[in-house]
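Try each task before you read its solution.

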Amino acid sequence: MSRIAFLVFFLTTSFVFSQEKNKDFFVDANYFYGTILRHNKDISHLVKAHPDGFIVGFNRKTYGAERWQQEYNYPDWGFSFVHQNAHYDVLGENYGLYGHFNFYFLKRNLFFRIGQGIAYNSNPFDLETNFKNNAYGTSFLSSTYLMLNYNKQNIFKNFGVQAGIALVHYSNGNFKAPNSSTNAFTLNVGVQYSVADERNPEYISDSLPKKISEPIKYNFVFRGGLNESDYLNLGQHPFFVVSAFADKRLSYKSMLQLGADFFYLPFLKKEIEYLSIAFPSAGVEGDEDFKRVGIFAGHELHINKLAVVSQVGYYVYYPYDFEGRTYFRAGLKYYLTDKLFSAITLKSHGAKVEGVEFGVGIRI
């Protein structure tokens, strides 16, 4: 599942920026050192040492040839590779490939990078040989990293320096149990090399309309995927989500949403059956409905044909108690046309991931 998610992201990013005429780029290499955060009590036994590693990035510069570049202060886009060594053999080592953006602030001295991709873990959970690794249930993991760095480019000829903080997240999206995941908070320091000495680049700055007049639109989305209960050996099961919502475009970047979800979740059916038999004192009868209905409010941040989705929902039909009534959804959408879009989203309850959703939808 995570491999497909990254492939879609990679191809989408490549397509969106394939028309970019600018050929200026720079590469950076960063060493990091930090600690694994105890975001979940279930991973306390895994926090034994301080992880370290490196991040290598390829960054294509933009100068405002398209509106989204001017709206976001001429960001970079690119690809990066991350290696993390947990220095604890139970967790193994992670190797990841990502697509990323760099967004600049403070006269381009500070940048924020967000990268999304896939990682390979060298020692995932195995009931016989590595039962302690409840963080990674599979070798291939979905991974996100955030980096906030102060940077100075072209200090000496084409070389520059950067330093700051980064957060690196690994999870398989509950595709297969267990999936407690890890988050590493790190400090990093690195160097840059630019292909050209762009000390005074010419940025395009057109007079852009500040308002977009657009009526309320209606969306219908079908999502699906595979996930598994946290109770081992209950098997992977397909799930389906049907969503309907209205949206209102507030600006070139921003859109608000309000709607409802219907969830068909067979993994909950298996969990309910299991608990009713194995733990009769848990209060589960075995005939509870495994379906749910929720209402949600959300936001989309548009970057060209890509959109970053964030939603918070509440179950109004909640027959079986699983991780609470509040849920969250975050991910990416790609607008194939003005009306058709695809989406990859992650649904969670707080820090607990329920599944990775792959969707298609229509906006009318």
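**Exercise 1: a residue in a loop**

Asparagine 130 lies in the loop between β5 (110–121) and β6 (140–156), where helices (H or I, at least four residues) and strands (E, at least two) are DSSP runs numbered from the N terminus. The model is predicted: local features need pLDDT of at least 70, side-chain atom pairs count only at pLDDT 80 or more, and totals for chains, interfaces and linings use all residues. Residues are numbered from 1 along each chain as its sequence is written, and side-chain values use heavy atoms, with hydrogens and water left out.

Task: decide whether asparagine 130 is buried or exposed, and list what it touches.

Solution. 
- Step 1. Apply the cut-offs: buried means under 20% relative accessible area, exposed over 50%, partly exposed in between (1.4 Å probe, protein chains only).
- Step 2. Asparagine 130 has a relative accessible area of 6%, so it is buried.
- Step 3. Leaving out residues up to four places away in sequence, asparagine 130 touches Val90, Asn123, Pro124 and Phe125; contact means heavy atoms within 4.5 Å.

**Exercise 2: a helix and its cover**

Task: compare the span of α3 with the expected one, then find what covers its buried residues.

Solution. 
- Step 1. Helix α3 (residues 266–278) has 13 residues. The expected span is 1.5 Å times one less than the number of residues.
- Step 2. From first C-alpha to last, α3 reaches 18 Å, close to the 18 Å expected.
- Step 3. Its buried residues are Pro266, Phe267, Leu268, Glu271, Ile272 and Leu275.
- Step 4. An α-helix has 3.6 residues a turn, so residues three or four places apart point the same way.
- Step 5. The cover over the buried residues of α3 includes β9 (217–228), β10 (236–249), β11 (254–264), β12 (291–303) and β16 (352–363).

**Exercise 3: salt bridges**

Task: which residues are linked in a network of salt bridges, and where do they sit?

Solution. 
- Step 1. A salt bridge is a side-chain nitrogen of Lys or Arg within 4 Å of a carboxyl oxygen of Asp or Glu. The whole structure holds 11 of them.
- Step 2. Glutamate 357 pairs with arginine 223, with the closest N and O atoms 3.8 Å apart. This pair links distant parts of the chain, 134 residues apart: glutamate 357 is in strand β16 and arginine 223 in strand β9. Both glutamate 357 and arginine 223 are buried.
- Step 3. Aspartate 261 and arginine 329 form a salt bridge at 3.2 Å, N to O. Here, too, distant parts of the chain are linked: aspartate 261 is in strand β11 and arginine 329 in strand β14 (residues 326–335), 68 residues apart.
- Step 4. Aspartate 261 has 2% relative accessibility, so it counts as buried; arginine 329, at 1%, is buried as well.
- Step 5. Put together, Arg223, Asp261, Arg329 and Glu357 are linked in a network.

**Exercise 4: the whole chain**

Task: how compact is the chain for its length?

Solution. 
- Step 1. The chain has three helices and 16 strands.
- Step 2. Its radius of gyration is 22 Å, close to the 21 Å that the globule rule gives for 364 residues, so the chain is as compact as a globular protein of that length. The radius is taken over C-alpha atoms, and the rule is 2.2 Å times the number of residues to the power 0.38.
- Step 3. Of the 364 residues, 49% count as buried.
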